[in-house]
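Please examine the structure shown below.

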Amino acid sequence: MSKKEYEKPVIIRVESGFSKAGVPLPKQRVRKSIGGVSINELVNKYGSPLFVFEEKSIRERYKRAYEAFSTRYPNVEFGWSYKTNYLKAICAVFHQEGAIAEVVSEFEYQKARELGIEGKDIIYNGPYKPYDSLMRAVKEGAKIHIDTFEEINDLERIAKELKKEVPVAIRLNMDTGVYPQWSRFGFNIESGQAMDAVKRIEAGGVLRLNGLHAHIGTFMLDPHAYYVETSKMVQFMNSVETKSGFSIEYIDVGGGFASKNRLKGIYQPPEIVVPSIDDYAEAITSAIYENIHGNRYPKLYLETGRHLIDEAGYLVTSVVASKTLPDSRRSYIVDAGVNLLYTYFWYKFNIELTEEKSGISEPSVINGPLCMNIDVIEDSILLPRLKRGDMLVISPVGAYNVTQWMQFIRYRPRVLMVMEDGSVEIIRESEDLSDIERREKLPKKLEIR
Amino acid sequence: MKIVSAKKELKRYLNSTLSAYAEVLFIQNRAIGAVILAVTFVDLGIGLGALIGIVSALAFAAFVRMDPQFLESGFYIYNPLLVGMSVGFLFKISLLTIFLAIVASILAFLITIVMNSLLSSYGVPILSLPFATVSSVLYLASLNYSNLFYESLNNHAFLTVGEMCLPLWISSFFKSMGTIFFLPSVWVGAIFFSLLLLHSRIAAVLALGGYYFGVWIHSLLSGSYVNSLLNPYAFNYILVAAALGGIFLVPGIRSYLLSALGVAVSVVLVDATAIFWTLYKIPVFTLPFNLSVITFLFVLRLLKYREFAYVIKRTPENTLSYYLLSLFRFKSHESAVFLPFSGKWSVYQGFDDVWTHQGRWRYAYDFVIRDENGSSYAFDGSRLEDYYAYKKPVLSPVSGYVVETLSSLPDNPIGEVDNINNWGNYVIIYSTAGFYVEVSHLSQNSLKVKKGDFVEAGQIIGLCGNSGYSPEPHIHIQVQEGPHLGSKTMPFNFVAYTQKEEIKFYDRPEKGESISSFSSDKSLDSRLSFVLDSVYEFEVFKDMAKIDSFSLEVKMDRFSGRFFFEDERGNRLFFAKEYGVFYFYDYVGDDESYLKRIFMAVPRIALSGSRRVVWRDFLTPRIVHSGLKRALYMFLASFCYKPFLYGGVWEKEGNLIRGEIRGDKIFKSETVIDEVNGFASIRLDEILIRRKK
């Protein structure tokens, strides 16, 4: 038996409040496995840190969301929001489930095409679509959602060049009673700008308006905002169909449904504040039914991203060192930092151990491995004493992190997917030097030796 | 302008004249009418008499400003035609007899209209009853007109020329054929029979069979075979057999048996009337035929007999084809409704089911939502909110008027049922197709419609609930006879639904099966909208070489408001679009038209936006084949349709529809829907029809 390490004694101020009886033993949150596969085994085999996605959970969440809408509205389709997570394997799962692609740049467009998605199954959004990519999208029959008057000009030029009528949709923005109002995208309904855009398109004579799109915000906690949004869109559709010769074939209400993540600054747990997918579906579909004339229902598109993927992603990280800070908090340095966790700006993550630990929980800080003062994953958490090699599981991290992560100071780690049958696949290899230096060029003069 | 319209009207009058001649033999073909017209001039008196009959009826119609469109079919004037002939048959042509013919045929025309407006409300034809009546009246009256008699009684001896060179049993048949037009000549009869044979094998065989069957029965009763053959009124058997066996009933074994019965009845009627009528020196004419056929049809129509030819086509073969297509493609004998929900639901109870779908209420469906494990609820299922179906939108299954609603009953908690108000909250809608549909167990105060509202199929009417006798939230739907709650139910089908990847049309799911609602894609829907008067040009290729070109025009039928494509030669392909399905349902025209190929290549298109869907459909030899093969197969199909009901499978992926039709060989088709409007191309085996833009 090795000798116990000496450590200078400190007095820990235990913040109670958990129990009036006084014993500050908060329940340890423990996750031993993901999708039935032991996390310890994953780390032993694939190293640390690791992003882990669970296929079964993705599919279940998609089906649940699809059912919530399809049992309320007869004509609904999801567009997988690429920017939320555009790892091929992730996109492929959604496409297999029946989602089309929703992209916001030529890069994402190329990615979807590369994956085998046909142009007609791509929704092309975004405030800037380079001319060449618009040309390609038109040729391939993508659903193009116009954001600006300049884009109308570009598309008309393309239509004339290709000598064909181009179906297009416009993005709308409106007041839905939420703050901030995302008015920088698309055309505003209340000011009459949106109807101007419709008239402008009709006057051009080469584009055919067949869809309406809007996206009112992100992590929307109020389903009523969608009710207002959808109502205004359907009313706008009605007036477009009356005032112009266009027939609106689809409306795309965008995304922004919240996931069960705890926002910083919101006190209640997500189980209480985050509406269920049924609440969102109810708001959107009843708004259609209440505002539509007759029974010619436009197709309803949803660009749900975060809600579908966030909770299926985990980041497994290991303690590499620990120390006691001057204020007596315990500081742990782990091998994954904020370079991998873009969403730490908003979220207070769920941090779990991979096994029960004995001992009292003490106030701790979790710091990433970057040589930067801001690399703090969690600055106030009660943890039992951990040692090097102990693992923490951070979740939900499925949305936005593997797209907005940075190669900064460290390489980006492996990404795994635990498949439905319990097997494990690497869906993105960890980086090495060649990945980073491949694009670099060293002028002859600067070569060392 | 005036000259053009006068020409157009003259053409209509000419058309009705020719149609009227053919109509006597139940033929709808103006060319055949023209041949018959020519043949009637074998006897100048009869030929002229017929023409005088028609012209006077038409002139009278014009005088009273009757719309010439009504006359075009020949239906209103074949009775005046026959009356004119009967005058020409009895008397020589003179000013007096012409006058008589005019008066008599106008009387026949008037009686036609009177009888038709009386009988048409029963859906029964008047046949040549006006003729039989008026001619009898005329012959009776002429007994007094001695002036006419002695000078101008017509002599028809020459008609019997050459009949000796055929055996009696053959010559008598042809003679009877001729007698239908007052020309009891073997040769004239032979021509008429050939025309009938050319027009329809079924009708010709019925004429032959009916005649000999009638003669056989008559000879059994009377004891003399020769006398039976010589009976001048034996032509009635021919008309009865053709009318019942192939014209007013759909050709088939049952109809053939009925027509044999009808012939037997007419034998008795012929002999009975002959005795009575002869007393007054009146020929029996077509009275036995009319009495027997009208009586049969009256009763069958009252009984809503399934094989009653509600739609009579140009030939019995075409009537049969139309009937088979309606029956198997659209289940036309039962009503059809849309699914009352959106998304994927599961059948909880079907027709004749174990719990409540019994007795008067056995034709009903109950639906719930089930998850992958087959459970209809999440958690422990103790609360209404746990049930997936609870508060889901309920959509109108038909377009029609709301006749009754109730929405005040509470949703029972799980474990309790309300067995006083069994139906719970409900909506009863009177469909524009003429039946009532009831949807019940709706959620309290969830109704979006009220009594008197017009709803369109697919519109929301309320939310699924647990009111009434309902163990768990579900949707109950039934089609019923009356507008009242608890009215007797009737069997029905669902217009379209999806089961896995297959779209089923006019079908019923089994208990426990999961089905999804079917909804049309607005884009496809508008691309397959055809605006009246638009013209589509096509080029036809065979083995990459252009062989032909043609154009289609979108038109609307003047009477029925039905839409069709018409090519340059006047062939018509009827189409419709409803409930998210585009389909062709009728073709009128010649064998060689490309329109027929289009019908065959894509009889129906599900306007589904899904990536890939599959559906089944049926065709008949009438659509698939041409020439002798079509004639033979359709004739055989009247005895047993099964081998001639050609099934096919169609698969749609995006704009491309691939079809495979199992006829006497496998036909393959490939149709591409245009990006903007209409069809881009249609390929059927080696023929490619491509749109020219």
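The following paragraphs describe how parts of this model meet.

This is a predicted model, in which local features need pLDDT of at least 70, side-chain atom pairs count only at pLDDT 80 or more, and totals for chains, interfaces and linings use all residues. Residues are numbered from 1 along each chain as its sequence is written, while chains are lettered from A and ligands numbered from 1 in the order in which they are written.

Chain A gives 21 residues and chain B gives 20 residues to their contact; two residues are in contact if their C-beta atoms, placed from the backbone, lie within 7 Å. On the side of chain A, α2 (55-70) and α10 (277-291) are the elements that give two or more residues. Helices are DSSP runs (H or I, at least four residues), as are strands (E, at least two), numbered from the N terminus.

Two packed helices are described by the angle between their axes and the distance between the axes. The axes of α2(A) and α10(A) come within 9 Å and cross at roughly 30 degrees, with axes fitted to C-alpha atoms over the stretch in contact and angles running from 0 to 180 degrees between N-to-C directions. The pair α2(A) and α10(A) therefore counts as roughly parallel (angles under 35 degrees).

| Helix | Residues in the contact |
|---|---|
| α2(A) | Arg64(A), Ala65(A), Ala68(A), Phe69(A) |
| α10(A) | Ile277(A), Asp278(A), Ala281(A), Thr285(A) |

Chain A is divided into domain 1 (33-53 + 312-432) and domain 2 (86-304), with bounds from an automatic or database domain assignment. The C-alpha centres of these two domains of chain A lie 35 Å apart. In their contact, 12 residues of domain 1 meet 10 residues of domain 2.

Methods: Angles under 35 degrees count as roughly parallel, over 145 as roughly antiparallel, 65 to 115 as roughly perpendicular and the rest as oblique.
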